[in-house]
Amino acid sequence: MNNLTDTILTVSNSILDSIDMTYYPSKYQESHSTGYSQYYSCISGKEHYRLLAYIASKLSDHVLIDVGTFNGWSSLALGVNKTNRVVSVDISQQECVISIKEPNISYVISNILEKENDNLLISSPFILLDTYHDGGFEQQFIDKLVNIKYKGVLMLDDIYLTEGMRLLWNNISLPKHDITHIGHFSGTGIVLFE
Ligand SMILES: C[S@@+](CC[C@H](N)C(=O)[O-])C[C@H]1O[C@@H](n2cnc3c(N)ncnc32)[C@H](O)[C@@H]1O
């Protein structure tokens, strides 16, 4: 087990729930068009943003990848430690994040499966994948990480959201841990690429 995995597996709900999550919601109000800000501060085990902020706080001077920008909340949670650079990738322009101006967070429009993203993925010790949730897409992404010999931790959001995601999660043969109790109620898992 590497340090990052150990960090994730040993954190408690009480530590996560003591993190101050008020900064970004107060900075980027609903009126500022980022939407869904009420979920950002939810307790651990209900939403996963506290866990993302915690992971970011335990890593320094790294690139962290957020696949699936949408409203930008996962990018903001991963961006709390300003020594890290967060690259948030979405297949289409997300209007919500145009108003987000954080020097350590950049938004890229691209299909994450494209080869142009391979070096970016390899450069990061931590990737959050939160996209289609049909299981098939996520399998393609995992296969890609294996093919490019990725080393690091992949966090999968919503591993129990759909039948496809349940099947995907059950069929992953790489080392993995169900961390739903400290993540998102719809299922959070980490997969270790060693
Ligand atoms: C559930 S939302 C992400 C929520 C976001 N992580 C958050 O916490 O606010 C899923 C996003 O994945 C994006 N997406 C779907 N397929 C993608 C792909 N192949 N590459 C990059 N982004 C993709 C969608 O456009 C959508 O905005």
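Me: How far is an oxygen atom of the ligand from an N or O atom in the side chain of tyrosine 49?

Reply: In this predicted model, a polar contact is read as a pair of N or O atoms within 3.5 Å, and the side chain of tyrosine 49 places an N or O atom 2.7 Å from a ligand oxygen.

Me: How many residues surround the ligand, and which are the closest?

Reply: The shell consists of 21 residues, with Tyr49, Gly68, Ser74, Asp90 and Asn111 the closest; sorted by class, these shell residues are 8 nonpolar, 11 polar and 2 charged.

Me: Which pocket does the ligand take up, and which elements give two or more residues to the shell?

Reply: The ligand takes up the space of the largest pocket, and the elements contributing two or more residues to the shell are α6 (73-78) and β2 (85-90).

Me: How much space lies in the largest pocket, and what lines it?

Reply: The largest pocket holds about 580 Å³ of space, and its lining has 27 residues, among which Gly68, Thr69, Phe70, Asp130 and Thr131 lie nearest the centre. The lining divides into 11 nonpolar, 11 polar and 5 charged residues, and α6 and β2 each supply at least two of its residues.

Note on methods: Residues are numbered from 1 along each chain as its sequence is written. This is a predicted model: local features need pLDDT of at least 70, side-chain atom pairs count only at pLDDT 80 or more; totals for chains, interfaces and linings use all residues. Side-chain values use heavy atoms; hydrogens and water are left out. A residue is near a molecule or strand if one of its heavy atoms lies within 4 Å of it. A polar contact is a pair of N or O atoms within 3.5 Å; within protein, one must be able to donate a hydrogen and the other to accept it, and residues adjacent in sequence count only if both atoms are side-chain atoms. On a 1 Å grid over the protein atoms alone, a cavity is a set of points where a 1.4 Å probe fits but cannot get out, and a pocket is an open set with protein on both sides within 12 Å along at least five of seven lines; lining residues have an atom within 4 Å of a point. A molecule sits in a cavity or pocket if more than half of its atoms lie within 2 Å of its grid points. Helices (H or I, at least four residues) and strands (E, at least two) are DSSP runs, numbered from the N terminus. Ala, Val, Leu, Ile, Met, Phe, Trp, Tyr, Cys and Pro count as nonpolar, Asp, Glu, Lys and Arg as charged, and the others, Gly among them, as polar. Grid points are joined across faces, edges and corners, and a volume is the space filled by probe spheres set on the points.
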